[in-house]
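Colleague: I would like a close look at a single part of this model, taken slowly and with the residues named.

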Amino acid sequence: MMEALLQTIRARAGAAPVRLGLILGSGLGHLAEAVEGAAIDYADLPGFPHAGVSGHNPKLVIGMLEGVRVAVFGGRAHYYESGRGDAMRKPLEVLAALGAEALILTNAAGSLVAANRPGDLMMLNDHINFSGLNPLIGEKSDARFVNMTDCYDPAMRAALQAAAKAEGQSLAEGVYAWYSGPSFETKAEIRTLKIIGADAVGMSTVPECILARFLGLKVAAISTITNMAAGMSDEHISHEHTKTMAPVGAAKLETLLRRYLRDLAV
Ligand code: HPA
């Protein structure tokens, strides 16, 4: 099964190993188009999720971006689509099998910190699994006992901070809380999340981080803040609003990622 998948991918995108994976969150799909390489629909890749969330672009694109061979996942599956926390396991297994050593996750998130505004970026330095779910439930091997200390790789974070600085960007860091969705949080839930130490909230990324660490990939993650979390502003929270606001931060994110990759290429 895995061999057949890899053969399909290599036939379309070439056999050279991939260095880095990139998962694009809501409204961030545009970066996939910048990659010079082959685009393969998830529908042609058995075991890949049928990403059904508007604002996502369900394609795997493999090729060069700023001198680095990358695999860009234009769509992710969320827990709330299927009730399966491990919906991204196959794509991440493929990424590891293609030779990648690292993964950068992006997402759209609500901010719990007044200083981090819509359109800003927040790099994750840790997370809180507020869902109680785990994508490794049912995994039989002892590898399931994944060490999550420093799950967001300190060296990658330092390199991303250096890239931000070189671009004249300030890059906030903070703790991301995973809320299952698809409904947004209540005001009381956001107050709770603040008390327990969250700086941003969203419906993805944590399961992928756990799966990627399980597979031995280094991980970094960046949120595009699309709104202040429930109760923190008068703005109406909606998926429409997320899709409208994500491109604002996406421009900064693209600049940052391009610089990070250029520095990685040398
Ligand atoms: N909550 C959860 N997920 C989100 C939000 C939010 O406020 N904004 C964008 N994704």
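Colleague: How are helix 1 and helix 3 oriented to each other?

Modeller: In this predicted model, the axes of helix 1, residues 2–13, and helix 3, residues 89–97, come within 11 Å and cross at roughly 70°. Since angles of 65 to 115 degrees count as roughly perpendicular, helix 1 and helix 3 are therefore roughly perpendicular to each other. The crossing in which helix 1 passes helix 3 is right-handed. On the side of helix 1, the residues that take part in the contact are Met-2, Leu-5, Leu-6, Ile-9 and Arg-10, and the residues they meet in helix 3 are Lys-90, Glu-93, Val-94 and Ala-97. Sorted by class, this contact of helix 1 with helix 3 holds six nonpolar and three charged residues, with no polar residue among them.

Two or more lining residues come from each of strand 5 (102–111), strand 8 (200–202), strand 9 (218–228) and helix 7 (239–265), and it is strand 5 that gives the most, with four residues. By class, the lining of the largest pocket divides into 11 nonpolar, 12 polar and two charged residues.

Conventions
Residues are numbered from 1 along each chain as its sequence is written. This is a predicted model: local features need pLDDT of at least 70, side-chain atom pairs count only at pLDDT 80 or more; totals for chains, interfaces and linings use all residues. Side-chain values use heavy atoms; hydrogens and water are left out. Axes are lines fitted to C-alpha atoms, for helices over the stretch in contact, and angles run from 0 to 180 degrees between N-to-C directions. Angles under 35 degrees count as roughly parallel, over 145 as roughly antiparallel, 65 to 115 as roughly perpendicular and the rest as oblique. A crossing is left-handed if the near helix is turned anticlockwise from the far one by less than a right angle, and right-handed if clockwise. Contact means heavy atoms within 4.5 Å. Ala, Val, Leu, Ile, Met, Phe, Trp, Tyr, Cys and Pro count as nonpolar, Asp, Glu, Lys and Arg as charged, and the others, Gly among them, as polar.
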